[in-house]
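Open the model in your viewer and switch to a cartoon view.

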Amino acid sequence: MSIKIKQIDLFKDWVGLKKVELESKNFITDDLDDDMISILYFTLQNRIIPKKRRNIFKSNIFHCPDVLINNLSFLEEKIRNGEELLPHQSKRLENLEDKDGLLFDWNIFHLHLGTTLESDGFVQRTGPLLYCIFDDQNAYFIQILNHGQWTNQGLLKIIHENWPQTIKNFRICEGQNVTLTHNPSDSEINDFRKANINTLIKVDENVIYLGPGFGFTSSGHSAKAVQNHIRNKNALNDFQELLVKNTEQELLKLFGSLEVIKIKELELSMMNHQEGFKLVEKNNNLELFLKQ
């Protein structure tokens, strides 16, 4: 009797693991299907700033009001030390389906400059906010501005003038006298975002950008999160199909020998393992570690 896979559903297993992870953080997922849980998981991943030591760069027009200098220094120390920044982010992070237009569209974060941690786990809210972007090694401080600058095109212009390398992949048009049929105002961009319409931004006479945050899908979700969801689901389904169609050949590659398999009908499932996952076959009590 040849070895056959009787039971396997890697994407459903993966979603189950992420459902548990989300619910451990008090998110409610009961009414969400598997695809939506996956999309909202990747949305949350995009919204949370990973804990990592970073250098800090400030724009050429950056200014901190005197009353907030100590507050800014407090936040800077956290960033340089790679500490948790979630307490400085929006409380709307508690809603998985919240639409962060500034981040989804332009990949710009806004951080509160409070220094006192309140009972809800967030720092005291401040009127002026730090508008900034992050990559793996650096934090780029655009400006400290009042709350609500979600469609202020000046933020993108500052990024272009100071750190164009961070958004170069989103530059879609460059040359003399490039133009848009209509240059949307900040107010119009707000209306477009409400309708889940992505816009182009002309930052100077010769350069046009697509939103560096990848923008929105027609359903209003983060296009970046949806893209990550599709990529992950396809990868899991492709791996599963490969295992099902070429079971013995693939298992030989994975285990080095088929002698460990005594029961020929396999039931495979995915489980968490340290920083990645493991594939568990319960009938033969086998485990295979997978990189995330």
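**Stop 1: the sheet with E2 and E5**

Select E2 and strand E5 (residues 138-146): they pair in the parallel sense over four bridges. Strands here are DSSP E runs of at least two residues, and helices are H or I runs of at least four, numbered from the N terminus. Two strands count as paired if DSSP finds at least two bridges between them. This is a predicted model, in which local features need pLDDT of at least 70, side-chain atom pairs count only at pLDDT 80 or more, and totals for chains, interfaces and linings use all residues. Residues are numbered from 1 along each chain as its sequence is written, and side-chain values use heavy atoms, with hydrogens and water left out.

Now pick Ile56. Its bridge partner in E5 is Ala139.

Show the whole sheet. It is open, with four strands in the order E2-E5-E4-E3 and mixed pairing. Strand E2 (55-58) and strand E3 (109-112) are the edges, each pairing on one side only. On average, neighbouring strands are turned by 40° against each other, direction ignored. Axes are lines fitted to C-alpha atoms, for helices over the stretch in contact, and angles run from 0 to 180 degrees between N-to-C directions.

**Stop 2: the sheet with E1 and E11**

Next, select E1, E9, E10 and E11. They form an open four-stranded sheet in the order E1-E9-E10-E11, with mixed pairing. Strand E1 (4-7) and strand E11 (286-290) each have a single partner strand, so one side of each is left without a neighbour in the sheet. The twist averages 35° from one strand to the next.

Focus on strand E9 (residues 265-273) and strand E10 (residues 276-281). They run antiparallel and are joined by six bridges. Ser269 stands opposite Val280 in E10.

**Stop 3: the largest pocket**

H4 gives the largest share, three residues.
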